[in-house]
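Me: Could you take a close look at one part of this structure for me, the aromatic rings and the helix beside them in your account? I'd like the cut-offs spelled out as you go.

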Amino acid sequence: LVVLVVLVVVVYCCLSFDAPIMRLTADLVMNSPQFTNPLHQRELDLRENTIAVIENLGTTLDQFDTIDLSDNDVRILDGFPTLKRLSTIIIANNRIARIGTGLESCLPQLEALVLTNNSLRELGDLQPLFNCKSLQHLTLLRNPLTAREHYRLFVIHHMPSVKILDFSKVKASEREEAEQVFGGDKGQEYVKKLFAKSTSALPEVMEATELQKQRDEASEKRREAAEKIKALIDNASSIEEMQKLEAQLQNGIVPGEEQEKTTE
């Protein structure tokens, strides 16, 4: 009987429920790797945690120069508290489709931002970075917006503090060309059209908070199902009943749900 109980629980855990998204909690911050990187900066490694929302970074007590959030599930670059020491954010291989406003206030010393392999589509999506006057190194490789016309010149013109773009030094000739394309009244009209296409205005861009809500609801459903199965196991009085539970789980059926649907 004990063997069957274990088997039922194992089968249940293999059911295709949505995997819960990891929250960026104070415990996760405290238990993640912290070290001095080759640039002699204090770095916090938050890679590969399926984080969807940036939150609770105030628990770092502003003790880090670099935070690495690569290989997560972040959709919107925002949620930072005031971190005056933080100078480098590495957030490659996420799903970022929008950049929140006010980063210049929260991250006054931000010098390097690595956004490689995300989902930024339109040049206008970069507008929130224009006020980050300390930003010198910016990487946007493998984002859809890099295929837009005049992408590099657009960034150079609107972010004059950037010295290295996509690992390539910004040349004086590029700055002159950018001024020719985006300067003057004609250039401003062109820019307005680009801003009108900003991804933040598109309905298909889901707010990260809504995504987190959906994941939390799925997690709650999983918890309720686990409690229901535990109750059925506790009340099972024979091996036959346990075998029935096992068969239902193998077929992707949460035991007891079919009775509820029939009652409804």
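Reply: Happy to! Rings of Phe, Tyr and Trp (its six-membered ring) pair if their centres lie within 6.5 Å; planes under 30 degrees apart count as stacked, over 60 as edge-to-face and the rest as tilted. Ring pairs link Phe130, Phe154, Phe182 and Tyr190 into a cluster here. This is a predicted model, where local features need pLDDT of at least 70 and side-chain atom pairs count only at pLDDT 80 or more, while totals for chains, interfaces and linings use all residues. Residues are numbered from 1 along each chain as its sequence is written, and side-chain values use heavy atoms, leaving out hydrogens and water.

The structure holds 3 aromatic pairs. One of them, Phe130 with Phe154, is tilted, at 5.9 Å centre to centre and 55° between the planes. This pair joins distant parts of the chain, 24 residues apart: Phe130 sits in the loop between β7 (112-114) and β8 (137-139), Phe154 in helix α4 (residues 151-158). Helices (H or I, at least four residues) and strands (E, at least two) are DSSP runs, numbered from the N terminus. Phe154 is buried at 0% relative accessibility, and Phe130 is buried at 13%; buried means under 20% relative accessible area, exposed over 50%, partly exposed in between (1.4 Å probe, protein chains only). Phe182 and Tyr190 have ring centres 5.6 Å apart and planes at 5°, so they are stacked. Phe182 is buried at 0%, whereas Tyr190 is partly exposed at 25%.

Now for helix α6 (residues 184-196). Gly187, Val191 and Leu194 are buried in α6, while Asp185, Lys186, Lys192, Lys193 and Ala196 are exposed on its other side.

Terms used
Expected span 1.5 Å × (residues − 1).
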